[in-house]
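User: Please take a close look at one part of this protein for me. I would like to know how two neighbouring pieces of the chain meet.

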Amino acid sequence: MIQRLLALLKEFSDNVIRVKTIHARIIVEGLYTQQPLAHRLVRIYSDLGILQYARHVFDKTSHPETPLCNAMISGYVRNERFTEALDLFKLMRSRCLEIDSYSCNFALKACTALSDSQTGMDIIKFSINRGFRNEFLGSSIITFLVKLGNVNEAREVFDHLPERDIVCWNAMISGYVRAGKFNEACDLFIKMQRCGVKPSPVTMASLVQLCEGFQSLRLGKSVHGSTFNRQVDGDVRVMTSLVNMYSRLGDIASAFQVFNSMPVRNLVSWNAMISGYIQNGFIREAFALFQELVKDSCRCFDSGTIVSLLHACALRVDLEGGKVIHGCMYRMGYELSIILSTALVDLYLKCNALELALRVFDRMQDRNVITWTAMMVGLAQNGRAGEALKLFRQMQEEGVVANPVTLVSLIHACTHFGTPRKGMSVHAHILRRNIDFSSVNVTALIDMYAKCGKIDYADRVLRFCPVQKDVILWNSLIAGFGMHGFGGRALAAYHKMIDEGIKPEESTFVSVLTACNHSGLVKEGAELFYSMETDHNIRPGQKLYACFVDLLSRAGRLGEAKDLIQQMPFEPDSSVFEALLNGCQVHKNVDLGVRAAGRLLQLDIANPGIYVMLSNIYARARKWDQVEYVRGLMRQRGLMKTPGFSLVEIGETVHTFFAGNNSHPNWPEIEELLDTLRLEVEALGYAADTSCVLRNVDEPMKVKLLWGHSERLAIAFALLSTPAGSSIRITKNLRVCIDCHNVTKHISQVVKREIVVRDANRFHHFVNGRCSCNDYW
DNA sequence: ATAGGGTTAG
């Protein structure tokens, strides 16, 4: 009877309905106590992906023995249900069932997938104690250690293995490749051949990855060539790694060519091609390929497919698509996978669905550094940097160790505070923990200090960090100087960089030119612009032309700017015309301004900024009916001007002020203080410059409007709420007007305080009635 | 009664 049922199961193992019928007979006959039958069923159901049935059979068996438990564990692992696999393994131990090397092997695989180092190390110790030393476990241990980042320990294990077959060699070689130790990988490959072990297809796959590691398309192509005349030709694994190599090195056409010529494809190859498309920006092609994949119902998709699709939705900021995939994940039980839930959290964050992201994050049972980092970045980008830092503390309490990406993200989050205090504590953390300063870390620090108003700290970080200085690092310092109105120091830094033999990039010139711009260094900027092509062989692109047009037109050289645009070797984009339009606004050139605005509106009709600048130009020329006409157009097209506001942080709360808004609870005091200040600065010789009030009202009204600007309200409130002598920091979303700049300068003298105003463009730094940037406008 | 190497997250 049992033999007959077993034979039937074997024969119909891929037919769900027949299997269920046989299953029903087993129940009726009460044969679950016969473990070979239960074992077969568990195996079949998990191969079919119906894990709840497999588990049902398992639970109905009164005293499951080791083979049955092993089948169940391997079923879980093969279906990527790693947590459940480990739970079962723990159950075996607590019931004192015999644990063999097979159980250990699968449990270890689960630990590798979950990055569960503690359980994994326990299992390794356990299996050494029991004397399990076969090459199966050996290669799994190597893979596990590599995944945790302990390549050297893995090598130790490798060297002490009593038997080493080709799989062990492969595990070790690919381990070196994954750890970025490419030379070691090469050495080991040579040693393997010396030992008389012939490379297998998987060895070739690792070699292909090695070429990717060396970033060498040429090398990759020659390895590709060498796969034709071996027995590895057409191997799925080799060809899949070729697809990966080509798409990561940017040669998507070759990647597709390989994919297309594959005699056999599996899910991994489909996933590789889909994610290759996504990484190269071909999102539509990726989704088309996915549709082709699921069209054929026997080829279902797996977690790898879902990761790529989540990534694609994140790139497209496609919240609805993401929710559909989330539903799929839920049904397939994939929510338990760290990788998938992390990708999901990331997706929700990129779509600004903070609450959804937090809900997934809170529900996760296992979270690793990447999960925590993704969550912190998301919070910071949504303006909740304080919570991001709290999360950092919580992460450390849970014993998760920060990595370089975490630190960079954290430093980046601190730039959102506008004050360097929190950023300094992260800096201190790096110093305390003796973490290596990578140039990426240092760049983030420089950027943070510059954006938090401490340009001198940024300078000092660069000077005293023993780190290889690259272009990006210099760029951030140059940009920092520019932001603070120190055009001269930006230029000096640029020349120092050239002296140190670093090749500038286009972005370097953007930073230097912007710095010249903020300080009115027209001659120096022009020299640099023209030296780009002659001295450094860099052709200026859109961005640079925009910078240079900005520099010329802000200096009033509108004719030159116009000529430059006409001589451009390619069609100018909107940023170039925007720069010109802005110059026309400052220098009251109505004709050119109207023409620039016309070109801009052809390119982007829904940009409110263009309408605002155009109406400002008309207002400066006192053409009030035209002003009304432009404003009417805006209303008609449903466009809104971005309202200007200023922020000031007092203690833990941020106070927001809008122009002319008197709804703040402390309004009476603010108004009174502003009146006193006005008298005092006027005594120092300040006279209102009403040219920036672009409204058709009389002079006293213009002055009244100026004194209602949001930055003045914020400054007055800050003066009232902070101790005498302390410095004041204001952040404004738009640009500060010339009169506010001047009045703040005088205020800094009257109240004897340092005042730092950060606007959309740069920092205004006032102390003792002086400004650090020679008042260039 | 049975296994290991190639892909996918910040």
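Between domain 1 and domain 2 the count of salt bridges is zero. Keep in mind that this is a predicted model.

Which elements of domain 1 give two or more residues to the side that touches domain 2? They are helix H37, residues 608-620, and helix H38, residues 624-636. H37 gives the largest share of that side, with three residues. Now sort the side by class. It has four charged residues, two polar ones and two nonpolar ones. So charged residues are present on this side of domain 1, yet the salt bridge count between the domains stays at zero.

Domain 1 covers residues 549-641 of chain A, and domain 2 covers 645-771. Their C-alpha centres lie 28 Å apart. How many residues are in contact? Eight residues of domain 1 are in contact with eight residues of domain 2.

Then look at area. The two domains bury about 630 Å² between them. Carbon and sulfur atoms account for 48% of that area. Three residues stand out on the domain 1 side: Arg554, Arg620 and Trp624. Together they supply 60% of the area that domain 1 buries against domain 2, more than any other three residues.

Salt bridges do occur in this model. A search of the whole structure finds 28 of them. Side chains of opposite charge can pair when their charged atoms come close. Take arginine 43 and aspartate 47 as an example. Their side chains meet in a salt bridge, at 3.5 Å from N to O. Both residues lie in helix H3, residues 35-47. They are four residues apart, about one turn of the helix.

One last item comes from a record. Residues 165-199 are 74% helix and 0% strand, with end C-alpha atoms 11 Å apart. Residues 368-402 are 74% helix and 0% strand, and their end C-alpha atoms lie 10 Å apart.

Note on methods
Residues are numbered from 1 along each chain as its sequence is written. Chains are lettered from A and ligands numbered from 1 in the order in which they are written. This is a predicted model: local features need pLDDT of at least 70, side-chain atom pairs count only at pLDDT 80 or more; totals for chains, interfaces and linings use all residues. Side-chain values use heavy atoms; hydrogens and water are left out. Domain bounds come from an automatic or database domain assignment. Contact means heavy atoms within 4.5 Å. Buried area is the accessible area (1.4 Å probe) that two parts lose on being put together, summed over both. A salt bridge is a side-chain nitrogen of Lys or Arg within 4 Å of a carboxyl oxygen of Asp or Glu.
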